[in-house]
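This report covers one protein model.

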Amino acid sequence: MQNLKKVFCREMEMSQIDGRMEGWLYTIRHNRFGLQFSRKRYFVLHDNNLTSFKSVPSDQNEEPDRRASLDCCIRVTDNGRESFHRKILFIFTLYNTSNHLDQLKLGASSPEEAAKWIRSLQDASQKKFPFPDCEFVSHAEKGLVKFNVSRRSRRKNSVDWTNYSSVNVETIAPDVIAPSPWKIFGCQNGLRLFKEAKDWDSRGRHWDDHPAIMAVGVIDGTSEDIFNTLMSLGPLRSEWDFCFYKGTVVEHLDGHTDIVNIQLYSDWLPWLMNRRDVLLRRYWRREEDGTYVILCHSVYHKKCPPTKGYVRACVKSGGYVVTPVSKGKQSLVKHMVAIDWRSWNLYMRPSSERSITIRVVERLAALREMFKAKQGHGFAEFVSGEFMQTKSSLSKINTLPFKKEAKRIDLELVKVEEMEKPSSARNSLMDLNDASDEFFDVPEPNESYEFDSLIDNSPFSQGHSQLKLPSPSGIVKKLQDLANNKKGYMDLQEVGMDVNSTFIYGATLQQDPNLTMPCSWSIADPSTFLIRGDNYLNDQQKVKANGTMMQMVGADWISSDKREDDLGGRLGGLVQEFAAKGGPEFFFIVNMQVPGSAMISLALYYMLKTPLEEHPLLHSFVNGDDAYRNSRFKLIPHISKGSWIVKQSVGKKACLVGHALEVRYTRGKNYLELDIDVGSSTVARGVTNLVLGYLNNLVIEMAFLIQANTAEELPELLLGTCRLNYLDVSKSLKER
């Protein structure tokens, strides 16, 4: 029996024993030639101690190979999925905020394991450990994290990590009150069918030419298994997707985003209708409750032009939402598609195209039946197979010069990293890497061989997408320009930028109290948002907000070739004008910085007319350290008008911004500014890139607040709200 237990312990990827988090992970590193390799190590997280072993430790006193102590300066970021020698790993990175070269890249074999490790590492780094001089300061110069090889300390307190599991978590309720735009129009094959109704069509009676249609059903499978199945482009997809003929990954942009080409069978299409294919930008993420979101829309890519014999359909928006129910044993799956089939035949009426789209979303019934048939047989074989060899049309492209160039760049980066390594590398996150293990991986005997390598591993570049299609002449011009476009792909419509010179900070975006003017701001209704009530600690109930603490007085919409920090301190701006008068007004500035071909800054200005001391929670936030601020500042997003794909990507759930993104805090005489780097998170960057493409068709509402954690701090009160009407990047003012 003891031997069986030991074998089981060695085989399992993660265990939670005696309040510890432990399991097998892969360390991801670059060798001296610039090539990535991985090492499988057994990690143990207890309190704030992270240790690694080459095998499962036989007892608690066994000395680890390497050891690290985490404190409040350690951050964890989710890097998504990557392929390593035909293995799919879900990557996350630990890094030191005072030295970004000091980092440790780890990989888990499943998204659930990666999510548990990320959450556990975040909680461990945010606990109050005995480091009296530890302050999370954005511009800190001292190293606050000690990583060294030493003896394993005895475990003192037991930490219960077992509650964090998607199996035990039901759907997280949204923090926004908003009516659903979906109207049911039928039920078929055990699926409820919905169409998206416009604002003026409240009963959902009017059908657009290319309507958004959604199928909803319950599948007997975990959200993780269904996610892996949906992401697969391998031959096993043919067991449920009757539309699918062949699929390839054209370009891997990052761990959460890629470009995929899917060719469709023609035998299910109407007679005389040509074969169709789609080229999609696909993005995915995992929510805290175990929900998986997969979103896609059509793009153009220079390596995958339209194929002879196929008509390229245009997916305006589409994807899946997989939510665990019944304690994780089942999943509620939503499959939505809005597609233009590009049919020029006179016999193809709009009703016929709608019928084809409805047939597409009915694939959900086939997926449900496949999971029912596979019950009890395991789903290891359904790990996604999108990392496949390119199809013949792509293989004709000569990519050898590009690969040589990429290798040369990698070698240069390695040399730079070696020169920039701090001399105290022994006391850094890098110590958890095995510096001596510089050799290529040999796949383990039990690893899956379903995958082939990517055709390209070029760096991620920013792009934008749009619902509206450009004119034919515009497409021709864009395609001509694409030859010199470094990023390799292009959404079907992109935004430009105008250059302006003079403006006043705090007044570059115009106000529109009537809520009608494009590219303007106004105040959102506070009652739209839910916040913690007086008795939240007992009943966990949230209530409608009935007001705000501060008044929104201005906004900036700026583009620049670099980060624009500390807008509140700029001379001639709104904040400095009040500072010069010496009044009691205090300003709270939220500056969201979006990276791209140009850095876009959306800065929102809120003013407090009463003394700061009269608001204890805000006073503590303004004068607290950055660790406290990161644990309290919350944003509640809401897309009140826009397409399904954007609403689904943004969501309606409050988030602690400082836990997800890097925030720089600037405390001025009469203001506090939060400079939020949206590009610091792969997940957030993917969402933002999608939103930017649809921006001038959106109405975005947001609320900001400081989270109340004690009875004395309740009820919560919104700092302020905003409503952004149909923003246009081309109308952002250029900072020189």
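## The largest cavity

The lining of the largest cavity comprises 19 nonpolar, three polar and four charged residues. Here Ala, Val, Leu, Ile, Met, Phe, Trp, Tyr, Cys and Pro count as nonpolar, Asp, Glu, Lys and Arg as charged, and the others, Gly among them, as polar. The model is predicted: local features need pLDDT of at least 70, side-chain atom pairs count only at pLDDT 80 or more, and totals for chains, interfaces and linings use all residues. Residues are numbered from 1 along each chain as its sequence is written, and side-chain values use heavy atoms, with hydrogens and water left out.

The whole structure holds five cavities of 30 Å³ or more. A cavity is a set of points, on a 1 Å grid over the protein atoms alone, where a 1.4 Å probe fits but cannot get out; lining residues have an atom within 4 Å of a point. Points are joined across faces, edges and corners, and volume is the space filled by probe spheres set on them. The largest cavity has about 380 Å³. Among its 26 lining residues, Arg237, Ile262, Leu280, Cys296 and Arg363 are the closest to its centre. Strands 13, 14, 15, 17 and 18 each supply at least two lining residues.

## Fold and cores

The protein has 15 helices and 33 strands. These are DSSP runs numbered from the N terminus: helices are H or I with at least four residues, strands E with at least two. Buried residues make up 55% of the 736 residues. Buried means under 20% relative accessible area, exposed over 50%, partly exposed in between (1.4 Å probe, protein chains only).

The largest nonpolar core has 65 residues. Such a core is a set of buried Ala, Val, Leu, Ile, Met, Phe, Trp, Tyr and Cys residues joined through side-chain atoms within 4.5 Å. Phe588, Leu604, Phe633, Met702 and Leu724 have the most contacts inside this core. Helix 15 (residues 682–693) gives the most to it, six residues. A second, separate core has 64 residues, including Phe43 and Ile294.

## Backbone and cysteines

Most residues other than glycine have a negative phi, and most peptide bonds are trans. Lys327 has a positive phi of about 60°. Lys327 sits in the loop between strand 17 and strand 18 and is exposed at 58%. Cys519 also has a positive phi, near 55°, but is buried at 6%. A cis peptide bond joins Leu714 and Pro715, with omega about -5°.

The disulfide count is zero, taking a pair of cysteine sulfur atoms within 2.5 Å as a disulfide. Cys187 is exposed at 62%; Cys722 is buried at 0%.

Conventions
On a 1 Å grid over the protein atoms alone, a cavity is a set of points where a 1.4 Å probe fits but cannot get out, and a pocket is an open set with protein on both sides within 12 Å along at least five of seven lines; lining residues have an atom within 4 Å of a point.
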